[in-house]
Amino acid sequence: MKKTLLFAALVIGGLSQLNAQCTISPGCSTGTDGYCTTPTASTSIPNGTASLPYNTVIQLSIGSSAFGGAAVISSATITSVTGLPTGLSYSLNPTNGVMPANSNACILIAGTPGAATAGTYTVTANVSISTTPFGVIPGTVYWSLTIDAATGIQAYAQASDFFISPNPTTSELVVSSTSHFGKIQIIDALGKVVISHDANYASKTTIDVQNLSKGVYFLQANDGSRLITRKFIKD
């Protein structure tokens, strides 16, 4: 029975990550180009670090005309987002990527970059724009994404001397180790830090997680030489 419940929780947690959406929050003016983005197109989005959870949101706005008013825009569709490093994926809001004239959308980029993904990437949003009198016009908007190498304190997914229990949990996590650790963070499936806990360099501490929503989370602890990661389920 416990195995069945655990499998169900993992499936639900995975589906919630796949269905995650960003919140549309337009903050730019489309102007004569007919569109705008935040961050601005052809600039950089926030850096990530290999092996550590990452998420960022790109906002897009489409106007009603382009080419100085020569084209009337009826809609635009985000058809794909390409150029992401291994471990990162994207989702759209609206989920179909369709933006009527004078509307907004957002792209959520989230996940954990692979251990060997350090480098700079060109993240490209491919868009088709329906206009009069020019018909459907393909377009691309791009940003630069840098994934930093995990230097100094390295990220370890496994450490035989580090334990969390119970897992799954409903109210609290007991964290113990043969070493002493300081800051502990709990991160949700989108890479957002939801709890920050100071263990005061003890070898054992208890974290209250009862207010977290049900789902899959990651606990990261720093013992001064390692950044240890553990996955757990909140029932």
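**Contacts, cores and strands in a predicted model**

Student: What share of contacts in the protein between residues at least 6 apart in sequence joins residues at least 24 apart?

Tutor: In this predicted model, 63% of the contacts between residues at least 6 apart join residues at least 24 apart. The secondary structure comes to 1 helix and 16 strands.

Student: Why is strand 15 described as largely enclosed?

Tutor: A residue is called buried when its relative accessible area is under 20%. In strand 15 (residues 215-222), 6 of the 8 residues are buried, so the strand is largely enclosed by the rest of the structure. Across the protein, buried residues make up 40% of the 235 residues.

Student: What makes a group of residues a nonpolar core?

Tutor: The members must be buried residues of listed kinds, among them Ile, Val and Leu, joined through side-chain atoms within 4.5 Å. The largest nonpolar core has 26 residues, and Ile 45, Ile 58, Ile 78, Ile 107, Ile 109, Val 123 and Leu 145 touch the most other members. Strands that each supply at least two residues of this core include strand 3 (54-62), strand 8 (103-111) and strand 10 (135-148). A second, separate core of 17 residues includes Ala 199, Ile 207, Tyr 217 and Leu 219.

Student: Which residues does Ile 45 touch, not counting residues up to four places away in sequence?

Tutor: Ile 45 touches Pro 39, Tyr 54, Thr 56, Ile 58, Ile 109, Val 123, Trp 143, Ser 144 and Leu 145. Contact here requires heavy atoms within 4.5 Å.

Student: Why are strand 1 and strand 6 called edge strands?

Tutor: They belong to an open sheet of 4 strands with the order 1-3-8-6 and antiparallel pairing. Strand 1 (35-38) and strand 6 each pair on one side only, and they are the edge strands. The twist averages 20° from one strand to the next.

Student: How do you know that strand 1 and strand 3 pair?

Tutor: Strand 1 and strand 3 have 4 bridges in the antiparallel sense. At least two are needed, so the two strands count as paired. Cys 36 stands opposite Ser 61 in strand 3.

Notes. Residues are numbered from 1 along each chain as its sequence is written. This is a predicted model: local features need pLDDT of at least 70, side-chain atom pairs count only at pLDDT 80 or more; totals for chains, interfaces and linings use all residues. Side-chain values use heavy atoms; hydrogens and water are left out. Buried means under 20% relative accessible area, exposed over 50%, partly exposed in between (1.4 Å probe, protein chains only). Axes are lines fitted to C-alpha atoms, for helices over the stretch in contact, and angles run from 0 to 180 degrees between N-to-C directions.
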